[in-house]
Amino acid sequence: MGISAISRLGLYIVVAAMAMSSAATNENVGAPATTLRIASLNLCTDTLLLQYADPEQIASVTWLSSDPNLSPFAAYARTFHRNQGRAEGILRRPIDLVLTGPTTSTATRAMLKRMEIATLHLDDANSIDALSRNIRRLTQAIGQTTRGDESLQLMYNTLAKLARGSKETAKDQWPYAAFIQPNGLTVGQGSLSDELLHYAGFRNAATLLGLRTYQRFPLESLLRVRPDLLIVQTQHRRYPSLAQELLRHPALVGTALRHEIQPSALMCATTSIADVAVALATTRQRLGRL
Amino acid sequence: MKVGFTKLLLLLATTMLSLFCLSLILPSSFAEPFLLLELLSKDSDIARTIFLELRIPRTSLALIVGASLGLAGAAMQGLLRNPLAEPGVVGVSGSAALGATLAFYSGLASIMPLALPLGGIAGALLAVILLFTIAGKRAGIATLLLAGIAINAIAGALTALVLNLSPNPFAAMEIIFWQMGSLADRSLLHLQLAGPLMLIGWALILLAAPATRALSLGEATAVSLGINIRNTQVKIIGGTALCVGAGVAVTGVIGFVGLVVPHLLRKLCNNDPAQLLLASAAGGASLLLAADIAVRCIPASAELKLGVITALLGAPFFLYLIFQLRKLEQ
């Protein structure tokens, strides 16, 4: 206990000294830094940073972003410094802004505050409006508003077109779809995925049972409700898990059409959720023809 | 209270079968109709699928695994001559879980499904042999329990290591299944994989049953009665490993069944080890069927694990037994 307190104190001193020395060199040079150096401590802020920032603006992203199952920019993310989501990993680097998310520990956020490092905190987006707010805040903070506005415009155009297409059928005629994630977890009302289903012209089967997001869709209920479509994550099954085994239960096989989504596509919301909705709408048209 | 053995067995078998039938037709929530009525009233595909693909495997596994655990508990207590020897307590189930996780998370079981129960059996066998070497020759109760603690600790740590080393991000969270056990969403495949192996285990243990009666009189007496001790021990060790290993591989560790059941029935079986084996099998099946009905009736956001119920019943019982044994020793 005592030793760890002392070593932590030591760390603070070292860190503080480094911060001071870097500040001093900056002053000596006298030239204002033209590019903002940004580090991200959260997978979802990583994803947005990788999408909107110039490469020279990115100082560090989390190690999670290198996993193609988690991030759509995995290969690109590997070209940057990787941190473990804690302040310690980035303090040695010249950083102007740190992005934090809901998984960033309070201790880490408090430390950044004590060290007077500028931070931008973005919560996970659970609606399309929340996503666009996040994107606006981020692109403003990093000076990439044009890029942000363009991509948002594109997303809203695509979604509006989809909504027009799905409105051709009365809402109570829409087929039912259920998100079944590993462990049988589903997605309920008030979530981004639920919103996407509506744009694509599906009713969410989970709401029939009043299931909330991250609640389990019991296998028996799933067989009774019999949704027209099961939306599952593409399984990169080199190594198995019980959680994913569930989706291959013989009772489920052949009960409904399956629509696969790359796990990285919905892990963190980006403007490419519009593409997810487009793919779902295409599947709905296939359902209509069956 | 004196009950004839035939009567006792009949009573246990009736309980077991009633619970089996109840578990098959119990609705999964209050809103749903009884499955049986649905099956009878209209030829509903959904009801049939639920019955055949979900209820039959779940309920049959509860029966077979419960019987296996009861049987294995009674057999181990006879083999090690120790009333506290129970597959879960002394680490046999934990080792079985380690073997099964190795087979499953390495991907071996995806290529060859039989590797799953075989992995469990290998783990269980290793632990039983180790325990028999340490505590076989009339070791005190403490020695066996300490060996059990050590085996449980090693197996538990290695299981966690296997799960954490798996590149699959979901694996690490699955330790709760392996340590607490569940029958939720098991399929016919699990029943086909593990069922026959457990039945072979039953056969081995029951073949050794007559000899255990002689063995309980002491090894010398047993030899004079023409019993092949080595042969009997091998049958019991093999049978226990098959029962526990194959069971744990498909349900995870479900503790204390093999402790509670033989103890409640021992006096009723007139302390006859052969009778106790049969009665414990029926009793273990009844207990696990009842526990599985309980986890489905208790309202919780995620279904309770089976091992939670059996531990809540069994662990206080275990403490009580330790008190009793201390009194005896003094």
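Analyst: Contact means heavy atoms within 4.5 Å. This is a predicted model, in which local features need pLDDT of at least 70 and side-chain atom pairs count only at pLDDT 80 or more, while totals for chains, interfaces and linings use all residues. Residues are numbered from 1 along each chain as its sequence is written, chains are lettered from A and ligands numbered from 1 in the order in which they are written, and side-chain values use heavy atoms, with hydrogens and water left out.

User: Among contacts in chain A between residues at least 6 apart in sequence, what percentage join residues at least 24 apart?

Analyst: Chain A holds 12 helices and nine strands, where helices (H or I, at least four residues) and strands (E, at least two) are DSSP runs numbered from the N terminus. Taking the contacts of chain A between residues at least 6 apart in sequence, the share that joins residues at least 24 apart is 64%.

User: What share of the 290 residues of chain A counts as buried?

Analyst: Buried means under 20% relative accessible area, exposed over 50%, and partly exposed in between, with a 1.4 Å probe and protein chains only. The accessible surface of chain A comes to about 14,800 Å², with 53% belonging to carbon and sulfur atoms; such areas come from the Shrake-Rupley method with a 1.4 Å probe, and for residues only the protein chains shown count as cover. Of the 290 residues in chain A, the buried share is 46%.

User: Which backbone nitrogen does the side chain of A:Asn42 reach?

Analyst: A:Asn42 sits in the loop between β1 (38–40) and α2 (43–52) of chain A, and its relative accessible area of 5% makes it buried. Beyond its neighbours within four places in sequence, A:Asn42 is in contact with A:Thr62, A:Leu99, A:Thr100, A:Gly101, A:Pro102, A:Thr103 and A:Thr104. At a distance of 2.9 Å, the side chain of A:Asn42 reaches the backbone nitrogen of A:Cys44.

User: With which residue does B:Arg55 form a salt bridge?

Analyst: A salt bridge is a side-chain nitrogen of Lys or Arg within 4 Å of a carboxyl oxygen of Asp or Glu, and the whole structure has eight of them over all chains. The closest N and O atoms are 2.6 Å apart, and the partner of B:Arg55 is A:Glu220.

User: In which helix of each chain do the two residues of that pair lie?

Analyst: The salt bridge joins B:Arg55 and A:Glu220, and the pair crosses between chains. B:Arg55 is in helix α3 (residues 45–79) of chain B, and A:Glu220 is in helix α9 (residues 219–225) of chain A.

User: How many residues apart in sequence are the parts that B:Arg58 and B:Asp292 tie together?

Analyst: The side chains of B:Arg58 and B:Asp292 meet in a salt bridge of 2.9 Å, N to O. Because B:Arg58 lies in helix α3 of chain B and B:Asp292 in helix α14 (residues 273–297) of chain B, the separation in sequence is 234 residues.

User: What area is buried between chain B and chain A?

Analyst: Buried area is the accessible area (1.4 Å probe) that two parts lose on being put together, summed over both. Here 27 residues of chain B are in contact with 20 residues of chain A, and two salt bridges are counted between the chains. Carbon and sulfur atoms give 61% of the buried area, which is about 2,300 Å².

User: Which three residues supply 23% of the area that chain B buries against chain A?

Analyst: The area buried between the two chains is about 2,300 Å². The three residues that supply 23% of chain B's part, more than any other three, are B:Phe104, B:Phe170 and B:Asp185.

User: Which element gives the largest share of the side of chain B that touches chain A?

Analyst: The elements of chain B that give two or more residues to this side are α2 (35–41), α3, α4 (92–105) and α8 (175–180). With six residues, the largest share comes from α3(B).

User: What is the phi of B:Arg81?

Analyst: Most residues other than glycine have a negative phi. B:Arg81 lies in the loop between α3 and α4 of chain B and is partly exposed, with a relative accessible area of 31%. Although B:Arg81 is not a glycine, its phi is positive, at about 50 degrees.

How values were computed:
Polar contact = N/O pair within 3.5 Å; in protein donor to acceptor, adjacent residues only side chain to side chain.
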